[in-house]
Amino acid sequence: MVSTIELNKRQEQILQIVKENGPITGEQIAEQLNLTRATLRPDLAILTMAGYLDARPRVGYFYTGKSEAQLLTENLQKIYVKDYQSVPVVVPENLSVYDAIVKMFLEDVGTLFVVDESSILAGVLSRKDLLRASIGKQELTTLPVNIIMTRMPNITMCQKDDLLIDVAMKLIEKQIDAMPVVKETEKGFEVIGRITKTNITEAFVSLVKNE
Ligand code: ADP
């Protein structure tokens, strides 16, 4: 069975006790396990946060009975772009394709964002954009990136308060590896972050980690 989070042995025991005896207080669960209430506190917090258990003041813990699929969906609705975004790497429009390639290597990213003189998003450069330009007979040290970039308004972007699952779906739909996280200003869209397939993978892994 796919589990929303990996439960340890004690958490499984607690879940079983609450399933059979709930509603039950933390004190009573501790008694059944011969442990102190304080020892159980982190496990109870994890089980409650993951949605397996619910707690009511003066009543105690009870089993929510939610399916794994329900828990996964609910937990995905709590992950936002701002929780996983990376630092964006931006370059000016007049940078040469040659220097953009060097920048991509030095910064160890797969996508560069091109900004104008007011730091407003103007375009996107992917690995293939730079490779394509390099195949031709053009002089890379004098060819500016704004000739080859994908430009506004054709850029797929997101905002820090967007749900990460929605951004993941956009990446798949548009068949791209990354998108800029932007903030709208009077001048245009300011680049404040970067979301890549790696960030999505990190979030995916965090869903099953018992932290
Ligand atoms: P790769 O070049 O490694 O295939 P992508 O799949 O991200 O990387 O890029 C494919 C094409 O889509 C490139 O031409 C690139 O400029 C463009 N692109 C990449 N990211 C975006 C984005 N967020 N919005 C619009 N176009 C993008």
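## Salt bridges

Eight salt bridges turn up in a search of the whole structure; a salt bridge here is a side-chain nitrogen of Lys or Arg within 4 Å of a carboxyl oxygen of Asp or Glu. The structure is a predicted model, in which local features need pLDDT of at least 70 and side-chain atom pairs count only at pLDDT 80 or more, while totals for chains, interfaces and linings use all residues. Residues are numbered from 1 along each chain as its sequence is written, and side-chain values use heavy atoms, leaving out hydrogens and water.

One of the salt bridges joins Lys 66 to Glu 74, with 3.3 Å between the closest N and O atoms.

## A network around Asp 161

Salt bridges link Lys 82, Lys 160 and Asp 161 in a network. Between Lys 82 and Asp 161, the closest N and O atoms are 2.5 Å apart. This pair links distant parts of the chain, 79 residues apart: Lys 82 is in helix 5 (residues 81-84), and Asp 161 is in the loop between strand 6 (150-151) and helix 8 (164-174). Helices (H or I, at least four residues) and strands (E, at least two) are DSSP runs, numbered from the N terminus. Asp 161 also forms a salt bridge with Lys 160, at 3.5 Å between the closest N and O atoms.

Val 182 stands opposite Val 191 in strand 8. The two strands form a hairpin with four residues between them, and Gly 188 in the turn has a positive phi of about 150 degrees.

How values were computed
Two strands pair if DSSP finds at least two bridges between them.
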